[in-house]
Amino acid sequence: MGVSRSAAVALSALLTAATAHAQTPDSTATPPVVRNAAVDPGATVPDGKPQGAAPVGEAQKPAPSPEAPAPAAEAPAPPPVPSDPQSAAVAARLSDAAPLLPRLSTKEREAIQAFYALGAFKPVWIVDGAYTPAAKSVAARLAASGEDGLTASAYPVPVLGTQGVSEAQIADAELKLSAAVVLYARDARGGRINLAALSRLITPVLDIPAPDAVLGRIASGGSGAGALLQGYNPSQPGYLALKARLATLRGHGHTPEAPSVQIPPGAVLTLGMSDPRVPALRTRFGLESRTAGTLDAAPGDPETYDARVAAAVTKFQRGRGLPATGTLTAQTVAALSRPDSPARTDEGEAALIVNMERWRWLPSDLGRDYVMVNIPEFRVRVVRDGRQRDEARVIVGKTESPTPIFSGMMEYAVVNPSWNVPPSILKNEFLPGLARDPNYAARRGYEVVYRNGNVSVRQPPGERNALGFIKFMFPNNHAVYLHDTPNRSLFSSAHRALSHGCVRVEDPFRFADAVLPDAWSSERLKKLIGKGERQIRLPEKLPVHLAYFTTSIDETGRVQTLPDLYGYDARMKIALGLSPGSLLVAKAPVKAPGAKPVTATRPVPAPKPVAEARRRPLRDAYSNGDGLPTRTSAARAPADFGDPDLWTPRPGRTSNGWW
């Protein structure tokens, strides 16, 4: 609610005192005395001296008179006990150190206490010993939380007795239901696991709602409170498709897959070729034995690898995570010959739930215009006015230097960029090369710059520049961005995890057409090549989402699976309790009321994924002492730093065009 804890408690004290005073029959009665242990002359400290006594050698200050206002700097005292027995029971339960729910954090409990204090500690879910319509609606939603990949047992709903329920029992049930609502809202927005323990390169800013705001909104929702609570889950079509598939799996309603066929090995087939294996492909995909004839053309040959067969092969390749080229390759033939039975239900559910969880890492509103990079898919998509405008292949980080997962805001593009070699690459890769060959820098067109006693290496703009002709900047703590590359032949590879973390775009000028103002067409940008560095600012910042989805549902309703590039799937399954393992990421760290800060003890470590096991310290110059990237703008790396890979294979032949 934007109110500090001290202000909230002070306000609650005033409201409660006013309520109690209004309920007192004798308006002249003495108001409750609020004592502050720091100035109460009657209180003593362990050495027996009055707590308000001045230290030896200092003048004794007179105690403030009863009429004098309390100094503003003093800590507020606990509010007086409400006169209403039920409200008093709620206040007492909140003062009790016993936990409401195990995963509820101290800050969440304090927010719940502030919410009830502002309402004079009156119950909001239980009236006259029975649950309100809002409470019943919420209870139904919590019980059905498995529909969204959550665990219903994490949000228990207390059961009220039919008779003889005491104020204390009502207070306990009231507050435990509030705690369950707060936890559900937090988990629905991605607060279930400790992302920093999964990887220091998973740094989304989670959209966690304030607990007191959640309670105020849901408790006043009446019979629609459950729907309001469910609304904290993502609403993007990609999430809803995974949710629907999860319901299908759990309802055993999945349809049997098409049977596999044995396709003999042979030549690679492309559009227009003829081969005796094509009729078997038509049978496999349920196509006609030949294309129908027209007035102008005879019926097609059954053995012709025509457009319909190629389209069916493309769809199959996409569903199996193969390069979707439409060409019948040896790899595609092998996949067609394997049994096409669905995955085991438990494994299928786990994959869906893991990827549903990743949707919670994204903002609840992606933006009407945005850029989405799906790292395991090696693709970037540009959405304008809610519709996809462009799609392109990209190169992402290697397994030892993963592309981070987060959302940023694109602010500008730079044409003819120069590139300063980051300290990490300079230390780990450039200096060793310089030690082997004194002309290492000169032969590659780099400039060694001496400034204020420091040495840096800069690559000027040009055809050989590691950033290519243009880069797209969305300032972030990881110093990554989207950019062109001189090694354009690498985009023909099916596995494109080749960079130091940045995202290289296959067709940067077409991408610029989609993200830059209309005045900056690709033709106009190309005319700037070779004319010096030029910055082009966007009129409005454009959201950029670097995401990691290994399971999705395509437009036909088929499950598409991709390789787990950085090994995150296995770690998330352990963290979410979907598979056994020993990993210190299962719960976000919480602190019980009055307890000392939690210090995690490391269990027997689980096998690290390749992305973590072989990591080199590529960005330690821009991280804090514990290895996590800092989140303040002052700690951001300079915009001209980055991590293009200067040591990837050179293209065999330079193209005459811009590409």
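**Strand pairing and salt bridges in the predicted model**

In the predicted model, arginine 379 has arginine 393 of β5 as its bridge partner. This pair belongs to the antiparallel arrangement of strand β4 (residues 379-384) and strand β5 (residues 387-397), which are joined by six bridges. The two strands form a hairpin with two residues between them, and within this hairpin aspartate 385 adopts a positive phi near 55°.

Strand β5 also pairs with other strands. Two bridges connect β5 to strand β13 (residues 503-505) in an antiparallel manner, and here valine 394 is placed opposite valine 505. A further two bridges connect β5 to strand β12 (residues 497-499), in this case with the strands running parallel. Glycine 397 is paired with serine 499 of β12.

A separate description applies to the open sheet of three strands, whose order is β7-β9-β8 and whose pairing is antiparallel. Its edge strands, β7 (419-420) and β8 (447-451), each pair on one side only. Strand β8 is joined to strand β9 (residues 454-459) by five bridges, and the two run antiparallel.

Helix α13 (residues 345-359) contains asparagine 355. This asparagine has a relative accessible area of 0% and is therefore buried, since the term applies to values under 20%. A polar atom of the asparagine 355 side chain lies 2.8 Å from the backbone nitrogen of threonine 550. Beyond its neighbours within four places in sequence, asparagine 355 is in contact with Leu242, Tyr548, Phe549, Thr550 and Thr551.

The C-alpha atoms of glutamate 555 and alanine 241 are separated by 9.5 Å, although the two residues are 314 residues apart along the chain.

In total, the structure holds 26 salt bridges. One of them is formed by arginine 192 and glutamate 357, with the closest N and O atoms 2.8 Å apart. Arginine 192 lies in the loop between α5 (167-188) and α6 (195-198), whereas glutamate 357 is in helix α13, so the pair ties together parts that are 165 residues apart in sequence. Both partners count as buried: arginine 192 has a relative accessibility of 10%, and glutamate 357 has a relative accessibility of 0%.

Aspartate 569 lies in helix α18 (residues 568-575), and the pair links distant parts of the chain, 211 residues apart. Arginine 358 is buried at 3% relative accessibility, and aspartate 569 is buried with a relative accessible area of 14%.

A further salt bridge involves arginine 381 and glutamate 377, whose closest N and O atoms are 2.8 Å apart. Here arginine 381 is partly exposed, with a relative accessible area of 21%, while glutamate 377 is buried, with a value of 16%. Finally, a network of salt bridges links Arg103, Glu108, Arg186 and Asp187.

Conventions: Residues are numbered from 1 along each chain as its sequence is written. This is a predicted model: local features need pLDDT of at least 70, side-chain atom pairs count only at pLDDT 80 or more; totals for chains, interfaces and linings use all residues. Side-chain values use heavy atoms; hydrogens and water are left out. Two strands pair if DSSP finds at least two bridges between them. Helices (H or I, at least four residues) and strands (E, at least two) are DSSP runs, numbered from the N terminus. Buried means under 20% relative accessible area, exposed over 50%, partly exposed in between (1.4 Å probe, protein chains only). A polar contact is a pair of N or O atoms within 3.5 Å; within protein, one must be able to donate a hydrogen and the other to accept it, and residues adjacent in sequence count only if both atoms are side-chain atoms. Contact means heavy atoms within 4.5 Å. A salt bridge is a side-chain nitrogen of Lys or Arg within 4 Å of a carboxyl oxygen of Asp or Glu.
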